[in-house]
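User: I'd like a close look at one helix pair in this model. Here's what I have open.

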Amino acid sequence: MHKISGHLIFWFLYVSFTVAIYYVQEPNLGLHIVYELASLPAKLVSVYYTLYFILPKLILKKKYFQAVVQFGLLLILCVALLRIVVVNTVYPLYFPEFESTLVPDNLAKLVSPLLDLIIVSSLAVIAMLLKDREQSERNRLSQEKSNIQNELKLLKSQLHPHFLFNTLNGLYAQILSNPKVAAKMVIKLSDLLRFIIYEARSPLVNVSDDFECIKNYIALEQVRYDSKLQSSLSVSGAMANKKIPPLLLLPFVENSFKHGISKDHKACWIKCQINLSDNFLEMDLKNSKVQSTEKEKCVKGIGILNVEQRLKHNYQNRFSLTTKESEDCYHVNLKIPIVTL
C-alpha cells in the first residue's frame, strides 16, 4: 500500500507541474488537464516498462546497447499510442475545426510528446535509483549497527570469563592456605560480580562505579599478595554525573597483575592515577615487571585485545592509548572522552 501511494504521489505531482508549465504559456486549464490525462496511458507504459524491464534487466546488467534499442522502440510505440489517444479525445473537444491525423504535418507535434516521454521516464528512473540507494544505505547502516552490537556483546562475554578465571584461581589458592583471607576475597568478588552482571549490561556506567570496580580488584590482589605488593590508586577531578562504557579500564589493571606483577617473586608495585576533566578521562597506569622472554613480549592478553576493539568501536579515532616498557616497568596511558550529564 505504501508503494502504491508513492507512485500516485509521483504522478499527481508530475501532472500538476506539467499542467502549470503549459498554463503559463497558454492560460487554458481545461485543455492542459485533458491533454495530460489523455497522454497518461502512453507515459505509464513508457515509465513502467523502463523501470521494471529496461532498468533491472539491461541497464543494471550493463547491457547498454540493448537498453538503447529497447528504449528507442518503446518511445516509438508510446508516441504512436499518445497520438492515437490525443487525436481521439483532445482534438474533438478543443480543436474540432482541425483535421487530425496520426502522423502530423508539423514535426513539433511529434517532438513535444517524444520529449515528454523521455523526461518523465528519466525522472522515474532517477527517483527509483535514489530510493533504492537510500534503502540500501539504511540496510547497510542497520546491518553495521547490528554487527557492532553483536560484536560488542561477544567481546564482553569473552572478557567476563577471562577476568573471573584469573580471580577464581587466586581465590582457590587462598581457600587452601588461609580461609579467613579467602572470606574477605569472597566479599570483594561478590561486589565485582554484582557490577559485571548487572551494571555492566548498560552501554554507559558511572565513572564512580567503574572506579569502585578497579578498587575492589586491586583490593583482591592486595589480599593475595599481602605486604609483597605496594599499590596506589588515586583519582583527581569530580566523578559525579560522568559516564563511560563499562569495563574499559579494568582489563589494563588486570593485565598488570597477570603479565607483570604475578611473575615478580620479590617486592612488586602498581600505581594507577585517574584524572578527570569535563570532557575526558585519563588513566595513567604503571606496574613493576620482570624481564620477559622474546616469546612473552609477543603475547597480548585476550582481555586487552578485546578492550582495544571496544575502544575502536566506541570512539573510532577519538581516544589515545600508548604503552611503554622498560626492563622493570610497564606503563599504560589511556585517554577517552566521557559523557557528562
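How are helix 5 and helix 6 oriented to each other, roughly parallel or roughly antiparallel?

Analyst: Keep in mind that this is a predicted model. Helix 5 covers residues 179-197 and helix 6 covers residues 207-225, and their axes cross at roughly 155°. Angles over 145 degrees count as roughly antiparallel, so helix 5 and helix 6 are roughly antiparallel to each other. The two axes come within 9 Å, and the crossing of helix 5 past helix 6 is left-handed.

As for who does the touching, helix 5 brings Val-181, Met-185, Lys-188, Leu-189, Asp-191, Leu-192 and Phe-195 to the contact. From helix 6 come Asp-209, Asp-210, Cys-213, Asn-216, Tyr-217, Ala-219, Leu-220 and Val-223. Sort the residues of this contact by type and you get ten nonpolar, four charged and one polar. Cys and Tyr count as nonpolar here, so Cys-213 and Tyr-217 of helix 6 sit in that group.

Phe-10 is partly exposed at a relative accessible area of 23%, whereas Trp-11 is buried at 9%. Ring pairs also tie Phe-10 and Trp-11 into a cluster with Tyr-14, Tyr-48 and Tyr-52.

Note on methods
Residues are numbered from 1 along each chain as its sequence is written. This is a predicted model: local features need pLDDT of at least 70, side-chain atom pairs count only at pLDDT 80 or more; totals for chains, interfaces and linings use all residues. Side-chain values use heavy atoms; hydrogens and water are left out. Axes are lines fitted to C-alpha atoms, for helices over the stretch in contact, and angles run from 0 to 180 degrees between N-to-C directions. Helices (H or I, at least four residues) and strands (E, at least two) are DSSP runs, numbered from the N terminus. Angles under 35 degrees count as roughly parallel, over 145 as roughly antiparallel, 65 to 115 as roughly perpendicular and the rest as oblique. A crossing is left-handed if the near helix is turned anticlockwise from the far one by less than a right angle, and right-handed if clockwise. Contact means heavy atoms within 4.5 Å. Buried means under 20% relative accessible area, exposed over 50%, partly exposed in between (1.4 Å probe, protein chains only). Rings of Phe, Tyr and Trp (its six-membered ring) pair if their centres lie within 6.5 Å; planes under 30 degrees apart count as stacked, over 60 as edge-to-face and the rest as tilted.
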